[in-house]
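Here are a few exercises to work through with the model open beside you. Try each task before reading its solution.

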Amino acid sequence: MKLPVLPVYYYLDHFTEMLSFVETTYGSVLADEHRAFVARFNGFSQDARCLLIRMINRRGAIFNSGHFRYEEISNLERALADLHAAGHARPLRDADYGQFLACLPKAELLKGAKVAGFSGVRTSWSKPRLIEFFLTGVPFSTAFEHCGGHRFVALDDTGPVEFLLYLYFGKTEDDLKNFALRDLGILQTNKASSFSARFADGDEARSCFHYSRLLDSLATKSINVHRLAVVEILGGPHCPSEYAADLRGRAACEVGQFFEKLGESELARQLYRVGLSADCRERLVRLSYGAGEKAEAEDLLREMIDDPASDEEFTFASDFYARKFGGRRTGVCTELLRSASTITVDDTYRGSPEAGVAGVMRRKGFRVIFAENTLWQSLFGLLFWDELFESGQLHSGFDRLPQCLKDRRFSRQFAEQIDDKLGAVRSGNALKQLLKTVAAKWGRPNGVFAWDHVDVEALRLLLTGASNDGLAAILRKMCDDFRAMRDGFPDLMMAKDGEVSFIEVKAEGDVIRRNQLTRLRQLANAGIPAEIGRVDYRFDPNQDYVVVDIETTGGWASSDRITEIGAVRIRNHQVVGEWHSLLNPQRLIPSKIVQLTGITNEMVREAPLFAEVADSFMDFMGDGIFVAHNVNFDYGFLSSEFGRLEKRFRFPKVCTCAGMRRRFPGHKSYSLGNLCKAFDIDLKDHHRALSDARAAASLLNLMNAKRQESEIEPACSAAA
């Protein structure tokens with residue numbers, strides 16, 4: 001698709017649009033310095049305004065002015081002079097040395113060192129080593145002279161404009177490229193008719209901006225950056241809102257952990273005391289206890305238990321207190337994992353245990369939905385759509401998540417509406433409202449859930465099969481603190497006999513995270529059954545294997561097509577079903593393929609198209625494991641065919657060629673024909689799909705018998 005061409009003054013027009021929006025929406029928040037910047041900007045020549053915007057929109061703050069080639073700027077020298085005069089551009093200084101070197105190509109660094117007379121430099125050195133050489137052995141003035149420093153310009157006095165962009169976008173890393181992405185059709189924006197200010201108070205806005213910018217700076221894992229961050233945290237602005245306090249807490253925790261790793265525990269504890277977040281308090285407890293200051297740790301734990309900031313904090317504090325001060329030897333997470341039920345899953349599902357458990361539960365008569373976090377986020381977002389996205393809670397066209405969810409004002413701001421909707425949930429009347437929202441708002445961008453994760457039938461099962469009061473209780477918690485409740489929910493929802501339950505799947509070596517433990521407890525306390533299922537990988541005799549063979553017009557899945565499919569279902573070493581069809585490939589079969597397979601163009605002329613048998617074949621696959629000889633060939637063709645129909649084809653795979661090679665080594669050839677001869681397997685009509693599938697099924701049974709033996713023998717030895 002050809003992208004549209006942006007107008008010449010595109011960035012200037014949108015920057016002006018942004019300034020106008022911010023001036024109108026955030027009039028009470030702006031300080032004199034921000035208004036002064038707007039007035040100064042409006043007084044610049046058009047060229048100077050365009051150049052400043054281009055510089056702001058580029059990465060970094062040091063630029064080679066020789067690379068400034070913009071069609072909207074007619075007099076670059078005059079524009080640069082205007083920006084220098086206004087203090088928005090300046091020559092390089094000593095403090096810019098590192099950034100200046102990073103902007104230079106390796107060849108220019110080598111040339112500069114040579115011209116300056118440094119003969120010890122080697123062309124084989126990497127650029128980082130060259131930069132280190134310059135920083136430690138070459139004065140800035142020398143590098144400036146011999147590496148073209150006069151060509152560079154530094155962007156300066158950007159604080160006011162960065163603040164204005166922060167008010168508009170809500171993130172310090174977002175910039176004007178979002179406008180281009182929107183107008184090129186790459187980025188969807190919300191369609192709200194009215195917007196509100198994300199900050200109504202100037203102190204809150206400046207505090208949030210301070211700590212957001214500080215958090216961004218920590219991406220540079222430099223000790224100097226983190227030393228400066230300590231000063232900015234300990235001496236930073238007061239936090240007048242929960243959101244500002246959250247940002248400061250995140251910064252304090254990240255910087256504290258940085259210095260913990262350096263062994264500066266006391267500095268870390270000082271930061272954690274200032275941070276006051278749940279993560280900071282947890283780190284403070286652990287450090288204090290480890291330092292032998294158990295009284296401080298115990299007092300803080302009791303405070304966290306009596307007045308927890310969240311259910312996760314309560315879980316940590318009560319567990320840590322019980323283990324360290326209550327005499328219990330194991331943690332809640334460990335105890336919960338030990339008490340979990342064991343689910344035997346065929347070891348072919350290693351790497352996708354949830355799919356394996358889903359298949360086991362379906363065989364037990366359950367309807368299984370992959371729920372995890374998507375189901376609950378969809379339920380919350382659809383139920384409270386009007387409050388979140390139709391009541392002026394978004395703050396610009398680029399916002400997806402209302403500020404009231406970030407700063408936990410949602411439950412207070414919409415208390416009456418929330419009570420009404422939770423009342424509908426308790427009375428069993430919420431489904432109708434959800435369906436209306438789905439029909440009216442489908443596809444609208446939002447930051448709560450993805451539309452392709454909305455499963456209406458799963459929502460129907462949840463709303464009709466779970467305790468109404470329990471659902472209302474969970475939704476109430478999501479209203480109170482959506483950020484804390486947006487993840488950690490169990491992997492699978494199961495429905496049977498009109499009731500739903502949940503299971504968190506844990507394979508060998510998996511740990512249960514605290515948010516997962518908390519969700520399990522919250523669901524159980526709400527009367528919604530939820531448990532952990534521990535996966536025991538082994539050969540499962542009840543697992544279905546579907547052995548497939550296909551014939552094609554050639555060897556390329558992207559261009560060739562299938563002419564025949566044969567499939568055999570195996571359960572406990574026995575054939576329990578077969579499926580077969582010739583297919584019309586909608587192209588001629590090459591003569592050499594006709595000679596190989598015996599399938600002629602006349603045979604497939606009246607055969608069904610793949611699209612006509614796709615559903616039937618998928619039904620035959622069920623929860624089976626896909627098996628074939630040289631499995632990637634057959635699987636790749638079928639995946640491509642389903643892809644053409646915009647349908648998903650995803651199953652665990654087993655290759656009888658690779659499996660026989662591993663379990664029965666020593667054969668000269670592992671082709672299907674030669675293996676059938678070696679193991680006396682009947683192979684009639686070789687290169688016809690159903691015949692080859694039956695033969696491969698016999699190989700699978702040999703492999704599975706070996707697998708079963710290897711599991712029985714250790715158990716027998718242990719018993720003896």
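**Exercise 1.** Find which residues touch the most other members of the largest nonpolar core.

*Solution.* Start with the core itself, which in this predicted model has 80 residues. Within this core, Phe41, Leu51 and Leu167 touch the most other members. Next, look at which helix supplies it: α13 (residues 242-261) gives the most, with nine residues. Now zoom in on Phe41: leaving aside neighbours within four places in sequence, Phe41 is in contact with Leu12, Phe15, Leu19, Arg49, Leu52 and Ile53. Finally, note that another core of 63 residues lies apart from the largest one, and includes Val505, Phe539, Ala693 and Leu700.

**Exercise 2.** Describe how helices α20 (residues 372-383) and α27 (residues 468-480) pack.

*Solution.* First take the geometry: the two axes come within 11 Å and cross at roughly 80°. An angle of 65 to 115 degrees counts as roughly perpendicular, so α20 is roughly perpendicular to α27. Then list the residues: Trp376, Gln377, Leu379, Phe380 and Leu383 in α20 meet Leu471, Ile474, Leu475, Met478 and Cys479 in α27. Sorted by class, this contact has nine nonpolar residues, one polar and no charged ones.

Technical notes:
Residues numbered from 1 in each chain as written. Predicted model: local features only at pLDDT ≥ 70, side-chain atom pairs only at ≥ 80, totals over all residues. Heavy atoms only, no water. Axes fitted to C-alpha atoms, helices over the stretch in contact; angles between N-to-C directions. Helix = DSSP H or I, 4+ residues; strand = E, 2+ residues; numbered from the N terminus. Parallel < 35°, antiparallel > 145°, perpendicular 65-115°, else oblique. Contact = heavy atoms within 4.5 Å. Nonpolar A, V, L, I, M, F, W, Y, C, P; charged D, E, K, R; others polar. Core = buried A, V, L, I, M, F, W, Y, C linked by side-chain atoms within 4.5 Å. Buried < 20%, exposed > 50% of the residue type's maximum accessible area, 1.4 Å probe, protein only.
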